[in-house]
Amino acid sequence: CSVRGIPLTELMKNEKIDRLVERTRCSGAEIVELMQTKSAYLAPAKAIYEMLETILLDRPRILPICTYLDGNYGVGEICMGVPCRLSGGGIESIVELKLNNSELELLHQSAKSIRQNLIRTNSQLLSSISA
């Protein structure tokens, strides 16, 4: 993350950044708790609205989108949410942010976790089909 091109690590102490990251990570559950419902539909609905508006009105912009990575960020053959330039024609490009080593490692850990979940889900599916 940067503010006007200045890395956040130069503007805040690591402890505060870590607290912000944790709060962001848990924000979905916090919203559901505050709404006192078991459905977190507002964020996905807004994301879908923004994507449809961008495509239908052909107003190009950069949005976080789950897309197929083929070497981007050093990750391949997996779908992950990354910043993409979206327009009326669909995804024009994947925007590769300049990540530091720690951020890149966390992204690779996320990719590994997604792969493990896919393998587990596929195994369960195949077991249920053959049963």
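## Salt bridges

A salt bridge here means a side-chain nitrogen of Lys or Arg within 4 Å of a carboxyl oxygen of Asp or Glu. Searching the whole structure turns up 5 salt bridges. One of them joins the side chains of glutamate 22 and arginine 25, at 2.9 Å from N to O. These two sit 3 residues apart in helix 1, so about one helical turn separates glutamate 22 from arginine 25.

## What you're looking at

This is a predicted model, so local features need pLDDT of at least 70 and side-chain atom pairs count only at pLDDT 80 or more, while totals for chains, interfaces and linings use all residues. Residues are numbered from 1 along each chain as its sequence is written, and side-chain values use heavy atoms, with hydrogens and water left out.

Helices (H or I, at least four residues) and strands (E, at least two) are DSSP runs numbered from the N terminus. Helix 1 covers residues 14–35 and reaches 31 Å between its end C-alpha atoms, close to the 32 Å expected; the expected span is 1.5 Å times one less than the number of residues. Helix 1 also has a kink of about 55° centred on serine 27, the bend being the angle between axes fitted to the seven residues ending there and the seven starting there. Just past helix 1, glutamine 36 takes a positive phi of about 55°.

Just after helix 2 comes aspartate 58, with a positive phi of about 45°.

## The largest pocket

A pocket is an open set of points on a 1 Å grid over the protein atoms alone, where a 1.4 Å probe fits, with protein on both sides within 12 Å along at least five of seven lines; lining residues have an atom within 4 Å of a point. The largest pocket has 28 lining residues, with Cys1, Val21, Leu99, Glu103 and Leu106 nearest its centre. Helix 1 gives the largest share of that lining, 7 residues.
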